[in-house]
Amino acid sequence: TGEVLGDAINYLKDNLEVSLDMFEGKIMGIDLPDRVELKIVETQPGYKGDTVSGATKPATLETGLTINVPMFVNEGEVVVVDTRSASYLERAKK
């Protein structure tokens, strides 16, 4: 299954709607939404005064994927990730 899913496995979580490409009953590929919401499970804390424009830090998401996020984003927050580029887009709306 890992071979078929490829990098898509980094974005899969419960209740995510995806489209599967099937041929003769076998999964040939997967089409993800362009944006997914994932929780940050590990990152360094931001510090007051971290206002440097464009400064980022690594963050590990609930699926194990690591992306760069702005310094003001903290562990436990949910962020929107672009599945095409594996990049942070914004904080998820509450």
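These legends walk you through close-up views of a predicted model. Local features need pLDDT of at least 70 and side-chain atom pairs count only at pLDDT 80 or more, while totals for chains, interfaces and linings use all residues. Residues are numbered from 1 along each chain as its sequence is written, and side-chain values use heavy atoms, leaving out hydrogens and water.

**View A. The largest nonpolar core.** A nonpolar core is a set of buried Ala, Val, Leu, Ile, Met, Phe, Trp, Tyr and Cys residues joined through side-chain atoms within 4.5 Å; buried means under 20% relative accessible area, exposed over 50%, and partly exposed in between (1.4 Å probe, protein chains only). This core has 13 residues, and Ile40, Leu61, Ile67, Val69, Val79 and Val81 touch the most other members. Strands here are DSSP runs of E, at least two residues long, numbered from the N terminus. β3 (35-43), β4 (56-61), β5 (66-70) and β6 (78-82) each give two or more residues to the core, with β3 giving the most, three.

View B. A salt bridge is a side-chain nitrogen of Lys or Arg within 4 Å of a carboxyl oxygen of Asp or Glu. Glu90 and Arg35 form one at 2.6 Å, N to O. Glu90 lies in β7 (residues 87-91) and Arg35 in β3, so the pair ties together parts 55 residues apart in sequence. Glu90 also meets Lys93 in a salt bridge, at 3.4 Å.

**View C. A salt-bridge network.** Asp34, Asp82 and Arg84 are linked by salt bridges. Between Arg84 and Asp82, the closest N and O atoms are 3.1 Å apart. Asp82 is buried, because its relative accessible area is 9%, whereas Arg84, at 60%, counts as exposed.

Key. Helices (H or I, at least four residues) and strands (E, at least two) are DSSP runs, numbered from the N terminus.
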